[in-house]
Amino acid sequence: EQIKKGSYDHFMQKEIHEQPHSLTTTMRGRLKDGGVLLGGLKEHLKTIRRCRRVVFIGCGTSYNAALAARTFVEELTGIPVTMEVASDLLDRQGPIYREDTAVFVSQSGETADTLLALDYALENGALCVGITNTVGSTLSRKTHCGVHINAGCEIGVASTKAYTSQIVAMAMMALAIGSDQISTQARRDAIISGLTSLPSCVSEVLKLDAEMKELAYSLIDSESLLVFGRGYNYATALEGALKVKEVALMHSEGMLAGEMKHGPLALVDENLPIIVIATHDACFSKQQSVIQQLLSRKGRLIVMCSKGDASAVCPNGSCRVIEVPGVADCLQPVINIIPLQLLAYHLTVLRGFDVDQPRNLAKSVTTQ
Ligand code: AGP
């Protein structure tokens, strides 16, 4: 076991630091001649392009990855996307139609709720696509087609490298589905170029490790942590909070910043730490105004922003700033989650909890 961890103390730590490599293997051989080649989808692209809607279905981190992909799938394909937590779709017996493309996202490919939702979608006649890390899994065998994310074996119960590879696999899927649209060619080219530079940007953001350890130290005794995101990074807020709660055993909530005034603002005081994700994209000025409103209520803020934006997000140095490298806006969630993964990891070690095997949790939830 020690050998497999190499020079790392825990699998989660190793898997976080492996991401430049795992993302490279996710994309290997798939970005070709300025386009995307996904062998597992090729035969079904025409059907997907004609579908009435795409329905993303998953649990936990895999659901969050799909949520991160939602906006660019809508943008690049023009197909409406709806989101389903697998257990909730089953509880409601929600509508799934023959004209739907149901995309199932699962690292293990063996999550009970996701597989039951797959059976349900198959019974209802939808085209079923699998996005999984596990070749030969039930998910990859039962779906009509799909994409293997090729992130390599993930051992830590907290999913880290699978999350970023899932987003990249779905970005490639969106590019492939939208490849017949002339109007979005320039946007597709920019995203493909962003994908190519992603592993080196991830290596750069991993250099924040020591800074995140220091931040973890300052939060060690906090009872709660809020994470505010919006747009492409709403999913980052949910996923960052999930990491903190599942391994560091600290109460944490990811919140849609646009909902702040509709309740969460009441929680703000000088003690509750709040992370605000405010990297540069179309929502940037709205996040600047959220920061101002939180500061005027004496909020204890930690702001994640694009490199060079520190004074724009926090003019008088009244908050702690995490500066991250910038990539194409729709790929920014891949970069932004990494400091939060590092924060969750260090918080767990400092609080003395089991990193790779958090209490009460299993890597794969194979029962309902
Ligand atoms: C992730 O850190 C969690 N351990 C959990 O939410 C997980 O993502 C979920 O159980 C789904 O697993 P899957 O991707 O294997 O389907």
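**Overall layout**

Author: Happy to! This is a predicted model, and its protein chain holds 15 helices and twelve strands. The radius of gyration is 20 Å, close to the 21 Å given by the globule rule for 368 residues, so the chain is as compact as a globular protein of that length.

Reader: What does the C-alpha trace span along its principal axes?

Author: About 55 × 50 × 40 Å.

Reader: And how much of the chain counts as buried?

Author: Of the 368 residues, 52% count as buried. Among contacts with a separation of 6 or more, 75% come from residues 24 or more positions apart.

Reader: Let's do sheets. What is the strand order in the one with E4 and E7?

Author: That is an open sheet of five strands, ordered E4-E3-E5-E6-E7, with parallel pairing. Strands E4 (81–85) and E7 (145–148) stand at the edges with a single partner strand each, so one side of each has no neighbour in the sheet. From one strand to the next, the twist averages 20 degrees.

Reader: Which helix packs on it, touching E3, E4 and E5?

Author: Helix H5 (residues 60–77) does, and its direction makes about 175 degrees with that of E4. Helix H7 (residues 112–123) lies across E3, E5 and E6, running at about 165 degrees to E5.

Reader: Nice. How many bridges join E5 to E6?

Author: Six bridges join E5 (residues 100–106) to E6 (residues 127–132), and the two run parallel. To find your way there, look at Ser106, which stands opposite Thr132 in E6.

Reader: What about the sheet with E9 and E12, what order does that have?

Author: It is an open sheet of five strands too, with parallel pairing and the order E9-E8-E10-E11-E12. The edge strands are E9 (251–256) and E12 (320–324), each pairing on one side only. Neighbouring strands are turned by 20 degrees against each other on average, direction ignored.

Reader: Which residue of E12 does Val303 stand opposite?

Author: Val321. Strand E11 (residues 300–306) pairs with E12 in the parallel sense over five bridges. Helix H13 (residues 284–296) packs on this sheet, touching E8 (224–229), E10 (273–278) and E11, and its direction makes about 160 degrees with that of E10.

Reader: Switching to the core. Which residues of the largest nonpolar core touch the most other members?

Author: Ala171, Phe228, Val276 and Val303, out of 119 residues in that core. Helix H9 gives the largest share, 13 residues.

Reader: What does Val276 touch?

Author: Leaving out residues up to four places away in sequence, Val276 touches Phe228, Gln287, Val290, Ile291, Leu294, Leu301 and Val303.

Reader: Back to H9, then. Why is it largely enclosed by the rest of the structure?

Author: Because 17 of its 17 residues are buried. Helix H9 (residues 161–177) reaches 24 Å from its first C-alpha to its last, close to the 24 Å expected at 1.5 Å a residue.

Key
Residues numbered from 1 in each chain as written. Predicted model: local features only at pLDDT ≥ 70, side-chain atom pairs only at ≥ 80, totals over all residues. Helix = DSSP H or I, 4+ residues; strand = E, 2+ residues; numbered from the N terminus. Expected span 1.5 Å × (residues − 1). Buried ≥ 20, exposed ≤ 12 C-beta atoms within 10 Å, placed from the backbone. Pairing = 2+ DSSP bridges. Axes fitted to C-alpha atoms, helices over the stretch in contact; angles between N-to-C directions. Contact = placed C-beta atoms within 7 Å. Rg over C-alpha atoms; globule rule 2.2 N^0.38 Å. Core = buried A, V, L, I, M, F, W, Y, C linked by C-beta atoms within 7 Å.
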